[in-house]
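Here's a quick walk through one part of a protein model. Have the sequence and the 3D view open as you read.

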Amino acid sequence: MKILLISDNYPPENNALSNRAYANAHYLSKYHDVSVLTCFPNYPFGKIFKNYNKKKIILKEEEEKIKIFRIKTFIAKKNNGILSFFDYLSFGVNSFFFSFFLKKDLIIASSPPLPVAFFSILASKITFTKNILEVRDIWSDSIYELGISRNLISIKILKFIEYISYKLANKIFCVTETMRQKIITLGINPDKILIRPNGYIKLKNTFKKSSLELHFSKYKNYTNFTFIGTIGESQDFNILLDISVFLKNEKIIFNIIGEGSRFQWLKENIKKRNIKNIFLFNQKKYNNLTIYKDVDYFFSFLKKIKIFKSVIPSKIYDHIYQKKITLFYGPKGEASKMINANKFGYSTHNQAELLNKIRFLNSNKNKIVFPRSNTNSFSREHVALNMIEDINKIQ
């Protein structure tokens, strides 16, 4: 089968969508003919990466038997503003037209961003092609609850586009049960909505030694809580800034490794508040295994808003692969349920709980070990194999 995977992000970009798109393409290509339609890599700074010809309208690459088509689009810095929306819309429209020139039996699209998913599903209907819609987040709800837009007319339009996308989809893959139930309440046939969560992908230690090892070595007598991932609007960095004050005289440090729209804001606030126990690193290759080995505990945190009850941060799956304990802060929901049920770490929901758990983990460093559980079901390969069965059923 010829599968066309349409994704706004793809490696060398490094975020949740890029990682999922790569994993899907990588594993599906072992059984099917896979093409990826994406834009020139630019996330999160809105600038095309070096070594990519900016003058080209279309760039074709081939990796691991996967054909990658990168198309020219309007590009903006991902700061959740109106320009970001036009960035997504531009890729959605351009990929819609370009997809007509590619042979395909199935289109796989992912939401968010919603404009890309909508135009991908629309293209499949016009070309009489089967489709699968991945839903990693209810975009309209996230935009409203994060305060990105409180314009009710705009939100209603987005909700209508989401509904149409759900209706036109042949299959819908949700990453959590809460999302599935939310879509069912809209009147969408539950039989076509499946749970296909995120997961970890097995990494090869092909990176050179990281300069971060010097940092970890310097603070080897401290307990470190490390966050690795996108530094964006979803994370509650304020709670981290607040608790750091209470822990300034204890042998505890926090490492934030990544990049994103809130990187500069976080850097300025750490400096402004003269915080000495939070260390911020702009590290593009933060999948480096030499980083993971020096982590004592992973730290994952989300803003305590309703929409995030249905979310499991994708980086938690990487923590599982590394067999490291996760300390989670956020709303009671899918993430805390998964962590608690499998004993992959500890979930906290207010400042007092968080401080107590940090001190507990610090006092018990090297005593708390990752559970001896079978983690294979949390791998992207396992999820992809289920997807392959799903794809075969809709031929």
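Where is the place of Gln235? Look in the loop between β9 and α8. Keep in mind that this is a predicted model. Gln235 has 12% relative accessibility, and because buried means under 20%, Gln235 counts as buried. Leaving aside neighbours within four places in sequence, its contacts are Phe227, Thr230, Phe301, Leu302 and Lys303.

Now for the sheet. It is open and has six strands, paired in parallel in the order β11-β10-β9-β12-β13-β14. At the edges sit β11 and β14, each pairing on one side only. From one strand to the next, the twist averages 25 degrees. Four bridges join β13 to β14, and Tyr329 has Thr348 in β14 as its bridge partner. Helix α12 packs on the sheet, touching β13 and β14, and its direction makes about 145 degrees with that of β14.

Next up is helix α13. Its 13 residues should span 18 Å at 1.5 Å a residue, and the end C-alpha atoms are 18 Å apart, which agrees. Leu354, Leu355, Ile358 and Leu361 are its buried residues. At the start of α13, a side-chain oxygen of Asn350 comes to within 3.2 Å of the backbone nitrogen of Ala352.

The buried residues of α13 pack against these elements:

| Element | Residues |
|---|---|
| β9 | 223–230 |
| α8 | 237–246 |
| β10 | 252–259 |
| β12 | 297–301 |
| β13 | 326–329 |
| β14 | 345–348 |

How values were computed
Residues numbered from 1 in each chain as written. Predicted model: local features only at pLDDT ≥ 70, side-chain atom pairs only at ≥ 80, totals over all residues. Heavy atoms only, no water. Helix = DSSP H or I, 4+ residues; strand = E, 2+ residues; numbered from the N terminus. Expected span 1.5 Å × (residues − 1). Buried < 20%, exposed > 50% of the residue type's maximum accessible area, 1.4 Å probe, protein only. Contact = heavy atoms within 4.5 Å. Polar contact = N/O pair within 3.5 Å; in protein donor to acceptor, adjacent residues only side chain to side chain. Pairing = 2+ DSSP bridges. Axes fitted to C-alpha atoms, helices over the stretch in contact; angles between N-to-C directions.
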